[in-house]
Amino acid sequence: MNSVQANEQQTPWWKSAVIYQIYPRSFLDTNGDGVGDLRGIIQKLPYIKSLGVDAIWLGPICSSPNDDMGYDVSDYRQIMTEFGTMADFEELMSLAKAAELKVIVDLVLNHSSDEHSWFIESRSSRDNPYRDYYIWRDAKGNGEPSNWESVFSGSTWEFDEASGQYYLHLYSRKQPDLNWENPEVRRELFDVVQFWIDKGVDGFRLDTITTISKAPDFPDAPVVDSTRSRQPATQYYMNGPRMMEYLREFHDVLLSDPALVTIGEAPGATPLQALDLIDSKAGVMDMVIQWEHIEADPGTGGKWGPEWWTVSHFRKIMSAWQRGLAGKGWNTLYLNNHDQPRAVSRFGDDAKYHSESAKMLATCIHLLQGTPFVYQGEEIGMTNVAFASIGDYRCVETLNMYQKERAAGVSDATLMERIHRKSRDNARTPMQWSGKPNGGFTGAKPWIAVNPNYTAINVEKQEDDVLSVLNYYRKLIALRKSNPVIVHGSYADVDTNSDWVYAFKRSRDGTELLCINNFSANDIPFRAPIPSNADSIEVIIGNYEDDYAGSVRPFETRVYRYRT
């Protein structure tokens, strides 16, 4: 064994892991209330284990009134009533450990619910000891403290008539931001994290963690759209002036244990900014969930605006992250999660080439360097949903956008088309287990309707089909575990002379992988650039049954392995 291989054996568990993300509300309902629960996760642990994954990431499970579906926490030390009890969680932990599955929990530390006891006390009077747990400001002139626009539309400021001040909420008005400037708030939050460490969890996904520090004077944001009274202000609350100080304290007090993994959500981060957070020698977290690659398609109109998309742009972003973090930090690899539309609908073809594009997208992501995340239903190619009425949607961001734009005169048809493409509810429809009513998710009315295509796309139907998307994921995950080059190899992108083909190489100790991915429905002439001195050439995975080397077919993926 050489020194490089010896060092690789000492790498943290999460670098070689594949992590399965669960959105508990939509996973499996076992008590007939139409809402997924912890016992549903317990019931499906054998299925999760069968995928070959190493860990599960649980979406927020703490007590919540669910204005933002669990990301508004009313009690950090209690389980959401709809999901079960702490005893259920402890049983889940025990059974997951027995199955050699690690457990990562989602924590929301930038804000709480307005129904949290801290905020109830905080708003009760200006001299309450909890007043400074949140961010309160006087009016500026006759208006709000600043012109900041909320991530979920409208103002970031909510007026409280009883105390005559405004409180800050970057998201929903029912999600007041915690004041990290107050050391007592930090102490309380660190105690919360210790509580879950004591429960035996293996790590944390930290929601919107890069927004915990704000510009202290809350200046007005520059006017970028004169038709709007409120303006985007991310430059004043993202990667703020004391963020690194707070996260360093957080790390040093609680998170330095190498057995724990910390994954910070970092929208807006560049590779260079990410390294401040996750540098292997001086960082304060292990990985960040960056958004640059999944924000590659909005065009100039923001999230809801007209799309543009070329794989050359996507390739540029992915390559920048692969090169920028190489040897210094570690990538997260994903196209799907609870906040994003389904990747097969967004970046593939969810009709004619549904199976091919689902497999291609998976291969492209899993063959890069980093830790792959599989979001529930991704492994069977679940798609976006197109509900007919706004009344069928549940996402607060979607509902706020609809109300705001309808008031501005935008037609229902236009808004519904945007929602069908980009609503977070696309990812939150229930898991499709079978062709039974409601996809086998529940015997009651589900909290949100099941995608009508559940009879065609479901786990039961794909289990025994060797060519299914599900069994392709199993093969792909196993391939990663048996090929150290996928985890540890270097990365180099390959010039394909095409706007729609993304190819790259992974190399380690004389073994090279060439991964070719066609993101279009066209047959594109392309000959694999395998070195002339290569030997032991083989295709180790692909989504077509035969290997036609003269082109890449619609949504084809092909991975060559050879020695040089």
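This is a predicted model: local features need pLDDT of at least 70, side-chain atom pairs count only at pLDDT 80 or more; totals for chains, interfaces and linings use all residues.

Residues are numbered from 1 along each chain as its sequence is written, and side-chain values use heavy atoms, with hydrogens and water left out.

Me: How far apart are the end C-alpha atoms of helix α7?
Reply: Helix α7, a DSSP run (H or I, at least four residues), covers residues 243-255 and has 13 residues. A straight helix would reach 18 Å at 1.5 Å a residue, the expected span being 1.5 Å times one less than the number of residues. The end C-alpha atoms of α7 fall short of that, at only 16 Å.

Me: Within what arc do the buried residues of α7 fall?
Reply: The buried residues (under 20% relative accessible area, 1.4 Å probe, protein chains only) are Met243, Tyr246, Leu247, Phe250, His251, Leu254 and Leu255. They line one face of the helix, because the directions from the helix axis to the C-beta atoms fall within an arc of 135°.

Me: Which helix gives the largest share of the lining of the largest cavity?
Reply: A cavity is a set of points on a 1 Å grid over the protein atoms alone where a 1.4 Å probe fits but cannot get out, and lining residues have an atom within 4 Å of a point. The largest cavity is lined by 14 residues, with Asn336, Ala343, Val344, Glu378 and Tyr473 closest to its centre. Both α10 (343-346) and α11 (354-366) supply at least two lining residues. The largest share, 4 residues, comes from α11.

Note on methods:
Buried means under 20% relative accessible area, exposed over 50%, partly exposed in between (1.4 Å probe, protein chains only). On a 1 Å grid over the protein atoms alone, a cavity is a set of points where a 1.4 Å probe fits but cannot get out, and a pocket is an open set with protein on both sides within 12 Å along at least five of seven lines; lining residues have an atom within 4 Å of a point.
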